[in-house]
Amino acid sequence: MIDFIKKCRFLLMFILFSTVYVACSDDPTEESNNDINVALEFQKYVDRFIEEGSSRGYEIDFSDTGLSIQFGSALPEDAAGVCSELGTGTSGSHEIEILKSYWEQLTDIQKERLIFHELGHCELSRPHDNSVFSNGDWKSIMRGSPLPPDKTPIVNYTGTRRDYYIDELFEPTTSAPSWLNLSVPYTDVSEDQKSMILSISDIEEFDELTTLTREVNFEIEMEMEVLSGLSFSGIYWAGPDIPNSLHLYVFDGKQIHIASGQQLYGIMHVFDYPSNIAFQKNKFTIRRVDDLYLLYFNEQFLYWLDYFPLRSAKIGSLNNEMVNDVRFHNVNVYTLD
């Protein structure tokens, strides 16, 4: 578990400093030309940008500005990518450099978001926008340095949310998405709908392989009692390492963190000082209901994600044993009718 915590911290710091500094440099290109010089690794994401723009009434071919996207060797410290100018529209103004070591860590959808972000600067004249919605989600994929205090840089750019973020990229006045209002009561699932397949209790840690499959709806629930320490305690679903898994935990006794997912890295969402955090005992609930993951904390709706298949059917505890004394109670897994 200590290795897991170290890995989480390293990955979060890497993403934080890589993502926060995705920005525009102040140095315009010295030569004016309309050449298209896009490295093969980036071409399909440029094609997607053109297609998404076309479907929204934008005809983009870069013939007036040229376009260069290459791996860079002299990026600003901790930058993942830079564009040469903020949408001047002049010949040769669209030059983008990407940090190769960062690029190689990303999934397909993350690579798309990074290229769309940089083209948002160069082609759409978009500066950084650090507005957030009432539920804490970023308003735009154009978020960037400097970030608001204690705000995770991760954008939940997946599934249904992706459509909104691309709409907003091309049209900043896009209305707030309807998914902001999605909230499913804890009581929406009755006890009669549950069939228990695993139950354990009163243990210091657990790591169990369930019989759940991708075809079924399910509920994973547990109560966590913190006897001492407030560092890092909660539950994972699918695996203890960050990629291809889902994590829900209390951090420092004052925040609830949601982390990971197949197309996400690091801490995805942070709830500061939620009123329903209990001093010692708290209940976590993860439900898969058709195309959604629904997350609850002390039987109050917390957050939702589009369903994505996870790597395995394992569940386990998250805990910093060096700091905390924690007991897990009523760890139950159900299939849902």
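The face of helix α2 that is turned away from its buried side carries the exposed residues Leu40 and Glu51, where exposed stands for over 50% relative accessible area, buried for under 20% and partly exposed for values in between, computed with a 1.4 Å probe on protein chains only. The model is a predicted one, in which local features need pLDDT of at least 70 and side-chain atom pairs count only at pLDDT 80 or more, while totals for chains, interfaces and linings use all residues. Residues are numbered from 1 along each chain as its sequence is written, and side-chain values use heavy atoms, with hydrogens and water left out.

The secondary structure of the chain comes to 5 helices and 17 strands, both being DSSP runs numbered from the N terminus (helices, H or I, at least four residues; strands, E, at least two). Of the 337 residues in the chain, 53% are buried. Among contacts between residues at least 6 apart in sequence, 68% join residues at least 24 apart, a contact being defined by heavy atoms within 4.5 Å.

Helix α2 has 15 residues and spans 22 Å from its first C-alpha to its last, close to the 21 Å expected at 1.5 Å a residue, the expected span being 1.5 Å times one less than the number of residues. The buried residues of α2 are Phe42, Tyr45, Val46, Phe49, Glu52 and Gly53. Viewed down the axis of α2, these buried residues fall within an arc of 125° and so line one face of the helix, the arc being that of the directions from the helix axis to the C-beta atoms. The cover over the buried residues of α2 includes strands β2 (36-38), β3 (67-71) and β5 (95-98), together with helices α3 (100-103), α4 (108-122) and α5.

Helix α2 (residues 40-54) packs against helix α5 (residues 159-170) at an angle of about 80°, with the axes 10 Å apart; axes are lines fitted to C-alpha atoms, for helices over the stretch in contact, and angles run from 0 to 180 degrees between N-to-C directions. The two helices α2 and α5 are therefore roughly perpendicular to each other, on a scale that takes angles under 35 degrees as roughly parallel, over 145 as roughly antiparallel, 65 to 115 as roughly perpendicular and the rest as oblique. In this packing, Phe49, Glu52 and Gly53 of α2 meet Arg162, Ile166, Leu169 and Phe170 of α5.

Helix α4, one of the elements covering the buried residues of α2, is itself mostly covered, with 14 of its 15 residues buried. From first C-alpha to last, α4 reaches 21 Å, close to the 21 Å expected at 1.5 Å a residue. Histidine 117 lies in α4 and is buried, with a relative accessible area of 0%; its C-alpha atom is separated by 5.8 Å from that of methionine 142, 25 residues apart along the chain.

In the loop between α4 and α5, where proline 146 is placed, a cis peptide bond with omega about 0° joins serine 145 and proline 146. Phenylalanine 62, in the loop between α2 and β3, has a phi near 65°, a positive value in a residue other than glycine, and is buried, with a relative accessible area of 3%. Asparagine 330, placed in strand β17 (residues 325-336), likewise has a positive phi, of about 50°, although it is not a glycine; asparagine 330 is partly exposed, with a relative accessible area of 38%.
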